[in-house]
Amino acid sequence: MVQRDGILTVKRQAVLHDGHREFFIHSWDSQGHKMTVPVRVLFDGHHHGHHHGHPHGHHHDNHHQNVEDHHGDHKHHVHQHHLTEVDTANNTESAADPQVPVLHFPKSGEGLKRRKRDWVIPDINVAENDRRDYPLKVSQIRSNEDKIKKVYYSITGPGADQPPVGLFTMDRLTGILYVTEPLDREKKAKYMFQAHAVAEGAGNAEEPMEIVVNVIDQNDNKPIFAQDTFLGEVAEASKIDSDVIKVVATDLDEPNNDNSDIRYHIVSQDPALPSNPLFVINPVTGAIRVNAGGLDREKYPKYTLEIEAADMRGEGLTGRAKVILTVTDSNDNAPVFTQPSYEGTVAENKADALVVKMLVTDGDEPHSPAWNAKFKIVDGDPGQLFTVKTGSNKHEGILTTAKALDFERSGKHTLLIAVENEVPFATVLPTATATVVVNVQDVNEAPVFDPVEKFVSKPEDLPVNTDVVRYTASDPDTARKQTVMYKIISDPAGWLIVKKETGVIKVKSLMDRESHFVQDGKYTALIAAYDDDEVPATGTGTLIIQLEDVNDNAPTIVERSILVCNKKSTPQLLSVTDKDGPGFAAPYRVSVHETAKNNWTARMNDTKTGIILNLGTELAAGKYTVVLRVADNQGMEQDSSVQAEVCDCTGEDVVCKDPRKAGVGLPVILGILGGILMLLMLLLLLLLFARRRGGEKRVPLLQDDDIRDNIYYYDEEGGGEDDQDYDLSVLHRGLDNRPEVFRNDVVPNFMPAPQYQYRPRPANPDEIGNFIDDNMKAADNDPTAPPYDSLLVFDYEGGGSDAGSLSSLNSSSSGDQDYDRLNEWGPRFKKLADMYGGGEDDML
């Protein structure tokens with residue numbers, strides 16, 4: 001037997017027939033690969049009881065094993081990396097179970113001078129989707145201690161006591177490892193957990209051992225395409241082996257395995273014309289290519305291919321998808337002009353003018369790149385005077401002028417225009433061309449000045465009627481023999497005049513370089529040239545006159561007023577300016593006029609551009625006029641007056657007293673106060689007079705606290721005045737204040753109670769008429785009965801009024817009054833004038 005420490009020993013007495021015995025040693029590496037070593041035990045006559053095995057080792061899966069026989073020292077060593085099971089050549093069974101491998105806990109046993117080594121526990125391989133009964137034995141673990149002790153086995157980790165809990169279980173007495181349900185590699189490909197061996201009453205019998213269970217892949221997933229239907233396009237002029245589309249399918253089985261190794265092929269083609277197969281597919285990549293010619297969009301615009309993908313290199317599970325290919329149009333028809341030649345007319349001097357439109361036809365798919373046309377000029381336009389564009393409908397060429405044409409240079413242009421498509425021709429096709437004749441129409445062109453801007457230099461004092469320049473233009477219409485005439489369009493200062501027939505420009509009025517119409521010494525005028533056509537054409541030219549400066553302006557003083565003290569006055573600096581240019585200005589000279597020479601002195605400063613004016617004698621405060629004569633470097637001079645105000649002060653601090661701002665004297669103040677007192681006294685006298693005019697204060701008919709704010713409802717239609725709660729005493733308030741007013745029909749304050757009895761309201765409606773008549777008669781005869789309406793005081797206009805009674809006004813007069821005078825009384829009587837004036841016409 002082979003012990004767990006790798007020592008091969010004889011378990012019981014053995015008989016070696018023919019002097020030898022052969023058997024095999026099996027082992028599994030960490031990847032689950034099985035290794036087998038044949039062993040022969042030979043009889044050695046010199047050493048009875050000792051049998052030495054001579055190895056017949058070999059290499060298997062890159063794992064080396066050997067069995068050595070050492071003569072003389074009786075040592076038998078078996079060196080191995082992964083040892084799990086030993087069987088004899090006669091198929092002797094394992095002590096545990098012939099169906100599953102037995103894993104022993106690693107042990108550092110003491111062999112015959114054996115060197116200690118680490119054991120590598122091989123993985124356990126379990127196929128997914130196993131259909132045998134569950135729980136299913138997969139392995140068994142053993143401890144060498146179970147020979148002398150009672151050992152209990154258990155496992156921990158994922159798949160045992162961790163999720164998925166209970167997938168693997170272990171018999172605690174025998175150490176047999178079970179899987180409780182079929183495994184799925186696509187969910188989890190490997191399980192790792194710990195195996196434990198515990199001796200009864202003595203704790204751990206072995207150190208925990210790691211167990212790895214690999215789930216062996218089975219072909220349980222068919223290929224799945226990325227989409228059920230693939231859409232693609234193929235040009236009808238595609239060449240053989242042209243790529244069309246690529247389909248992709250995936251398999252969930254283990255990668256790099258036959259179970260996921262996919263192959264593609266085309267199951268069917270619809271339609272199967274004009275040839276079958278018209279397309280082929282790369283079985284490994286899924287790329288579809290054109291296999292034959294004959295694609296024709298007009299006949300077969302669409303193809304449907306059914307593609308199958310199979311794993312196991314095309315021999316396993318399958319999945320299918322459709323590929324729909326649309327045959328696109330290829331440019332196999334050239335566009336053709338609808339007519340071979342065109343002719344158009346365009347006026348000269350017009351850019352971007354339409355010449356002609358050209359139509360074409362094309363047999364390809366409408367509005368596709370193979371149908372859309374593009375045009376180009378291939379001959380007859382060396383000066384690039386024309387351009388051709390494609391119209392919005394993509395089948396029309398629009399020829400226009402790129403530059404202005406000149407009839408005088410060429411009255412006719414012949415162009416050759418070609419038409420193509422937006423994409424190149426799929427096959428060799430002829431290019432269609434058309435001839436376009438462009439006739440240039442002559443128009444009346446404006447005369448052209450040469451040069452357009454003419455510069456001349458003239459002195460500014462050029463005499464009137466003197467020629468400035470002859471500025472002429474030429475007429476480009478040479479065939480028309482027209483006469484060119486001239487006029488001035490713009491002459492801001494009005495200095496020039498042009499001769500109509502010759503274009504000679506003369507001086508109309510004296511020019512002035514210092515005028516505001518002149519900028520930088522240049523004067524600009526706009527000249528027009530026009531022909532004598534029925535509709536004259538006008539061209540313009542610009543005349544720029546450089547005015548040469550002459551000494552025609554004398555220098556002047558800028559400061560025209562100064563302030564100086566009459567004692568120890570400081571010199572005053574006066575600026576001098578000259579409108580002329582630098583050649584006729586500084587250095588200046590100055591002299592004082594005879595009238596001021598005795599009191600004032602003047603001299604030029606060091607730069608000869610300013611005057612230093614000084615008061616020579618002490619003058620009385622006041623205003624003085626100082627006349628200075630200033631001359632330029634050419635001797636042109638003129639007198640300039642300076643208003644000098646001399647103040648009664650000393651030195652530089654000039655302080656002048658304004659008599660108008662002096663203090664007001666005492667007599668003036670007293671006079672003002674006296675006038676104010678007089679006005680106050682007059683006001684008091686007027687107030688006293690007004691009070692005396694008022695006389696006795698009369699008691700008003702109506703008191704100031706009289707409030708007549710009773711609300712009367714006039715829109716009620718029943719009840720009469722008795723329905724209102726009238727306070728009739730208010731009508732007597734005014735009369736009580738006027739004891740001298742007495743009327744017989746007004747109730748006196750001393751009258752007794754009413755003397756008449758009024759009839760009560762009858763119950764019978766038929767008696768209402770008699771009721772009203774009886775009570776009305778009683779009220780008429782009762783002087784104490786209300787209402788007292790013979791004297792009604794509606795408002796109080798003030799006590800003591802001198803106004804007469806209005807009863808004197810008789811509106812029923814015969815009409816002999818002159819009411820027209822009301823119009824003369826002002827706007828306040830306008831209403832009366834409108835009512836009474838105007839006569840009978842106004843009433844109509």
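Here are some notes on the model above, as numbered points.

1. A word on the ground rules. This is a predicted model, in which local features need pLDDT of at least 70, side-chain atom pairs count only at pLDDT 80 or more, and totals for chains, interfaces and linings use all residues. Residues are numbered from 1 along each chain as its sequence is written, and side-chain values use heavy atoms, with hydrogens and water left out.

2. The overall make-up. The protein has five helices and 51 strands; helices (H or I, at least four residues) and strands (E, at least two) are DSSP runs numbered from the N terminus. Of the 844 residues, 34% are buried, where buried means under 20% relative accessible area, exposed over 50%, and partly exposed in between (1.4 Å probe, protein chains only). Take the contacts (heavy atoms within 4.5 Å) between residues at least 6 apart in sequence: 63% of them join residues at least 24 apart.

3. A patch to look at. L666, V668, I669, L670, I672, L673, I676, L677 and L680 form a nonpolar surface patch, with about 860 Å² of accessible area together. Patches are made of residues with over 30% relative accessible area and no salt bridge, joining like charges within 9 Å and nonpolar side chains (Val, Leu, Ile, Met, Phe, Trp, Tyr) within 5 Å. A salt bridge here is a side-chain nitrogen of Lys or Arg within 4 Å of a carboxyl oxygen of Asp or Glu. I672, one of the patch residues, sits in helix α2 (residues 666-694).

4. A mixed sheet. Four strands make an open sheet in the order β19-β26-β25-β22, with mixed pairing. β19 (229-235) and β22 are the edge strands, each pairing on one side only. On average, neighbouring strands of this sheet are turned by 30° against each other, direction ignored; axes are lines fitted to C-alpha atoms, for helices over the stretch in contact, and angles run from 0 to 180 degrees between N-to-C directions. β19 and β26 (residues 318-328) run parallel and are joined by seven bridges; two strands pair if DSSP finds at least two bridges between them. F230 has V323 in β26 as its bridge partner.

5. An antiparallel sheet. Three strands in the order β37-β41-β40 form an open sheet with antiparallel pairing. Its edge strands are β37 (467-470) and β40 (496-498), each of which pairs on one side only. Three bridges link β37 to β41 (residues 504-507), and D467 stands opposite K506 in β41.

6. Backbone points worth checking. Most residues other than glycine have a negative phi, and most peptide bonds are trans. A cis peptide bond joins N276 and P277, with omega about 10°; P277 lies in the loop between β22 (263-270) and β23 (279-281). The bond from D450 to P451 is also cis, omega being near 0°, and P451 is in the loop between β35 (448-449) and β36 (453-459).

7. Positive phi. N129, although not a glycine, has a positive phi of about 60°. N129 belongs to the loop between β10 (124-127) and β11 (136-142) and is partly exposed, at 34% relative accessible area. K608 likewise has a positive phi of about 60° without being a glycine; K608 falls in the loop between β48 (600-604) and β49 (610-615) and is partly exposed at 38%.

Key
Accessible areas come from the Shrake-Rupley method with a 1.4 Å probe; for residues, only the protein chains shown count as cover.
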